[in-house]
Amino acid sequence: IESVQKLSRELRPSVLDNIGLGAALQFEARQFQERTGIECQVSLHAETFPVAPETATGVFRVFQEVLTNVARHARATRVGITLANTAKGLSLEVQDNGCGITGEDLADPRSLGLLGMRERANLMGGELRIKGQPDAGTTVTLTIPSKPG
């Protein structure tokens, strides 16, 4: 029963249902900061933006993967996170002050985390952009278009 409950939480974190996407990102960033010592600054401009449950899960999973990559590869001391409702739709930007991802890293077919983030973005009809600058960090931007309606 415990294994099934854990798997269920991992597939759809209850925190998304209980407190919403913005607060869930804040909560995850706080836990990441406590775990890694990497300072996280969260800026929310999309608190009341309605997000479908499957979209919220997708955005949350991309966010978790970005933080995992920061912890594993970036050698960063600070991460800035912005969630906003823009003219294009919902935008999540995560920027670190680490070593900066290289073009080689971005093109590496063994980078399953990057591949997974791109696939999630595509499944949501969105776009994932990743830019790195040597010794100046990496910026990951996920944009999910607004649904006409």
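1. Let me start with Val 79, which touches Phe 32, Ile 38, Glu 39, Cys 40, Gln 41, Leu 67, Val 70, Val 94, Gln 95 and Asp 96, leaving out residues up to four places away in sequence. Contact here means heavy atoms within 4.5 Å. Please keep in mind that this is a predicted model, in which local features need pLDDT of at least 70 and side-chain atom pairs count only at pLDDT 80 or more, while totals for chains, interfaces and linings use all residues. Residues are numbered from 1 along each chain as its sequence is written, and side-chain values use heavy atoms, with hydrogens and water left out.

2. Buried means under 20% relative accessible area, exposed over 50%, and partly exposed in between (1.4 Å probe, protein chains only).

3. Now the overall layout. The protein has five helices and five strands, and along the sequence they follow the pattern α-α-β-α-β-β-α-α-β-β. Helices (H or I, at least four residues) and strands (E, at least two) are DSSP runs, numbered from the N terminus. Of the 149 residues, 40% count as buried. Among contacts with a separation of 6 or more, 64% are between residues 24 or more positions apart.

4. The five strands form an open sheet in the order β1-β2-β3-β5-β4, with mixed pairing. Its edge strands are β1 (39–45) and β4, each of which pairs on one side only. From one strand to the next the twist averages 10°. Two strands pair if DSSP finds at least two bridges between them. Eight bridges join the antiparallel strands β2 and β3; β3 and β5 are antiparallel over seven bridges, and β4 and β5 are antiparallel over seven bridges as well.

5. Some individual partners are handy when you look at the sheet. Ala 84 stands opposite Ser 91 in β3, Gly 89 has Pro 145 in β5 as its bridge partner, and Ile 130 stands opposite Val 140 in β5. Is β5 enclosed or open? Eight of its nine residues are buried, so β5 is largely enclosed by the rest of the structure.

6. With a relative accessible area of 15%, Ser 91 is buried. Beyond its neighbours within four places in sequence, Ser 91 is in contact with Thr 82, Leu 83, Ala 84, Thr 86, Thr 141, Leu 142 and Thr 143. Of these, Thr 86 is found in strand β2 and counts as partly exposed at 34% relative accessibility. Thr 86 and Thr 143 are 57 residues apart in sequence, yet 9.0 Å apart in space, C-alpha to C-alpha.

7. Two helices deserve a look against the sheet. α3 lies across β2, β3, β4 and β5, running at about 10° to β3. α5 lies across β4 and β5, at about 145° to β4. Axes are lines fitted to C-alpha atoms, for helices over the stretch in contact, and angles run from 0 to 180 degrees between N-to-C directions.

8. On to the largest pocket, which holds about 430 Å³ of space. Its lining has 21 residues, and Asn 69, His 73, Ile 101, Asp 105 and Leu 114 are the closest to its centre. α3, α5 and β5 each give two or more residues to this lining, with α3 giving the most, seven residues. A pocket, on a 1 Å grid over the protein atoms alone, is an open set of points where a 1.4 Å probe fits, with protein on both sides within 12 Å along at least five of seven lines; lining residues have an atom within 4 Å of a point. Points are joined across faces, edges and corners, and the volume is the space filled by probe spheres set on them.

9. Finally, two backbone details to check. Arg 75, in the loop between α3 and β2, has a positive phi of about 55° although it is not a glycine; Arg 75 is exposed, with a relative accessible area of 69%. Asp 135 takes a positive phi near 60° in the hairpin of β4 and β5, which has three residues between the strands. At 71% relative accessibility, Asp 135 counts as exposed.
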